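This report goes through one structure, topic by topic. Please keep the sequence and the 3D view at hand while reading.

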Amino acid sequence: MGVALLWLQALTVLLVSVVRTAATENDVTPRLTFPYNAKERATRHFSVPGLLNFTSLLLSKEDNMLYLGAREALFALDLADITTPRLQRNITWNTPASKRDECSFKGKDLQKDCFNYIKILLRYNSTHLYVCGTYAFSPTCAYINATDFSLVRGSGGEIVTEDGRSRCPFNPEYKSTAIMADGELYAGTVSNFQGNEPIIYKSLGHGTALKTENSLNWLQEPSFVGSAYIQESLPKGNPVGDDDKIYFFFSEAGKEFDFFDNTIVSRIARVCKGDKGGERVLQKKWTTFLKAQLLCSLPDDGFPFNIIQDMFVLTPHPEDWRNTVFYGVFTSQWYKGASGSSAVCSFTMDQVEKAFSGRYREVNRDTQQWYTYNHPVPEPRPGAVSSRVHTSLAKHTQRVSEYLRRGQ
Ligand SMILES: *[C@@H]1O[C@H](CO)[C@@H](O)[C@H](O)[C@H]1NC(C)=O
Ligand SMILES: *[C@@H]1O[C@H](CO)[C@@H](O)[C@H](O)[C@H]1NC(C)=O
Ligand SMILES: *[C@@H]1O[C@H](CO)[C@@H](O)[C@H](O)[C@H]1NC(C)=O
Ligand SMILES: *[C@@H]1O[C@H](CO)[C@@H](O)[C@H](O)[C@H]1NC(C)=O
């Protein structure tokens with residue numbers, strides 16, 4: 001089932017509500033169809049006996065490689081032919097027995113949970129990749145030298161590792177996302193063993209590590225499906241990139257809909273790359289975090305496709321960020337006709353921008369209830385990005401803290 005009608009209803013941590021509609025397109029005939037392994041589209045196949053659970057993929061145009069992360073193993077395949085063993089390289093990244101025992105002792109399944117599942121595989125710089133694995137429910141990150149496809153080791157020969165908490169999930173089945181932006185890692189994941197403390201976390205690079213505020217439930221049992229780095233500063237030739245934004249896509253419990261129980265909603269959330277964190281209660285917390293609802297429903301009767309499954313972000317040209325289109329694949333929490341129906345909805349950057357600058361709601365710290373904000377919007381607007389970072393962001397930060405305090 002295909003739908004291209006969409007609305008954007010925005011919310012923030014501090015949350016918006018604007019509704020926008022786009023074009024409707026009901027012709028869902030595929031433009032191209034090929035049977036599997038058709039002569040004109042021969043399939044190339046890679047598999048290794050005993051290799052389980054492919055958990056990450058990185059298509060690298062810089063070196064024409066396809067990198068694969070699996071259970072305790074990584075592969076580098078040459079795009080010229082991913083099937084030729086001569087062109088393949090591999091890394092084994094095992095979990096030490098002591099870690100596996102610990103994992104099992106804490107009640108996890110030794111044969112399922114207590115391995116190193118590679119969940120993050122990203123380019124770090126022109127010569128290195130960044131990799132994180134669940135490491136038997138003890139997330140761990142490392143660097144890979146892409147030239148010889150090997151884990152970076154210290155002088156003693158040991159693998160140089162970093163704590164992967166708040167970057168990589170503990171549970172290999174948890175849906176997380178991560179993206180590298182200019183040497184900084186932005187991750188949407190969980191920060192604890194139990195898996196009930198969701199987080200959007202920035203680390204690596206030079207700036208302070210920043211995260212979402214847990215006590216305010218900025219995130220409500222999210223299931224992340226993707227993230228995107230939009231370089232708004234490119235056309236301006238601004239090397240600092242303060243206007244750049246990182247977007248996250250996920251579904252979560254729709255706690256603002258108190259008239260329905262267990263309503264799932266899909267979200268687009270964003271933070272600014274120039275965010276330096278706030279003051280007092282907002283130290284090391286985002287001051288620019290905003291989220292909005294992605295509404296995808298049938299044009300005729302409004303039947304909702306409320307659970308986002310994937311998001312493809314198409315920017316026609318890196319400098320042309322304003323013409324970015326967000327294509328989401330959605331399913332529904334409810335049934336209609338044939339079960340398992342799904343929809344594709346597209347959202348333009350214009351709609352997203354409008355939602356993020358429209359009316360918003362705020363959350364009351366004590367009751368955890370959302371209220372539409374009906375007073376004059378403070379200046380600078382909560383969550384707004386400022387290119388005059390040093391003066392204005394400080395002021396803005398203060399506003400946000402005041403603003404949060406008002407809800408107390
Ligand atoms: C890994 O793959 C095996 C075999 O397909 C499957 O049984 C197992 O559940 C997978 N493990 C995880 C953590 O997804
Ligand atoms: C991994 O690489 C080693 C060394 O090149 C090679 O001997 C081995 O066959 C490779 N393993 C797989 C599964 O390709
Ligand atoms: C890339 O990062 C690695 C790991 O930090 C570092 O050793 C290497 O020098 C960097 N390469 C470049 C070209 O900056
Ligand atoms: C990466 O590997 C190449 C080839 O082995 C080596 O020449 C280079 O020094 C390595 N880079 C680092 C930062 O270790």
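This is a predicted model: local features need pLDDT of at least 70, side-chain atom pairs count only at pLDDT 80 or more; totals for chains, interfaces and linings use all residues.

## Disulfides

The structure contains three disulfides. With the bonded cysteines counted along the chain, they follow the pattern 1-2, 3-4, 5-6. Cys168 takes part in no disulfide; the nearest cysteine sulfur belongs to Cys132 and is 5.4 Å away. Cys168 is buried, at 0% relative accessibility.

## Cys103 and Cys114

Cys103 and Cys114 are joined by a disulfide, with an S to S distance of 2.1 Å. Cys103 is in helix α1 (residues 97-105), while Cys114 is in the loop between α1 and β7 (118-123), so the bond ties together parts that are eleven residues apart in sequence. The torsion about the S-S bond is about -80°, and therefore this disulfide is left-handed. Cys103 has a relative accessible area of 2% and is buried; Cys114 is buried too, at 0%.

## The other two bonds

Cys132 and Cys141 also form a disulfide, with their sulfur atoms 2.1 Å apart. The torsion about their S-S bond is about 100°, so the link is right-handed. Cys132 is buried at 0% relative accessibility, and Cys141 is buried at 0% as well.

The disulfide between Cys296 and Cys345 has an S to S distance of 2.1 Å. Cys296 belongs to strand β19 (residues 290-296) and Cys345 to strand β22 (residues 342-348), so the pair ties together parts that are 49 residues apart in sequence. With 80° about the S-S bond, the link is right-handed. Both cysteines are buried.

## Two ligand sites

Which residues are around ligand 1? They are Asn53, Lys112, Tyr117 and Pro172. The protein buries 52% of the 360 Å² that ligand 1 exposes when taken alone. By class, its shell has two nonpolar, one polar and one charged residues. An N or O atom in the side chain of Asn53 is 2.5 Å from an oxygen atom of ligand 1.

Around ligand 4 are His128, Asn145, Thr147 and Asp148. Of the 360 Å² of accessible area that ligand 4 has on its own, the protein covers 35%. This shell has no nonpolar, three polar and one charged residues. An oxygen atom of ligand 4 is 2.3 Å from an N or O atom in the side chain of Asn145, and a polar side-chain atom of Asp148 lies 3.0 Å from an oxygen atom of the ligand.

## A four-stranded sheet

An open sheet has four strands in the order β12-β13-β14-β15, with antiparallel pairing. Its edge strands, β12 (177-181) and β15 (210-211), each pair on one side only. Strand β14 (residues 198-203) pairs with β15 over two bridges. Lys202 stands opposite Leu210 in β15.

Notes
Residues are numbered from 1 along each chain as its sequence is written. Chains are lettered from A and ligands numbered from 1 in the order in which they are written. Side-chain values use heavy atoms; hydrogens and water are left out. A residue is near a molecule or strand if one of its heavy atoms lies within 4 Å of it. A polar contact is a pair of N or O atoms within 3.5 Å; within protein, one must be able to donate a hydrogen and the other to accept it, and residues adjacent in sequence count only if both atoms are side-chain atoms. Accessible areas come from the Shrake-Rupley method with a 1.4 Å probe; for residues, only the protein chains shown count as cover. Ala, Val, Leu, Ile, Met, Phe, Trp, Tyr, Cys and Pro count as nonpolar, Asp, Glu, Lys and Arg as charged, and the others, Gly among them, as polar. Two strands pair if DSSP finds at least two bridges between them. A disulfide is a pair of cysteine sulfur atoms within 2.5 Å. Buried means under 20% relative accessible area, exposed over 50%, partly exposed in between (1.4 Å probe, protein chains only).
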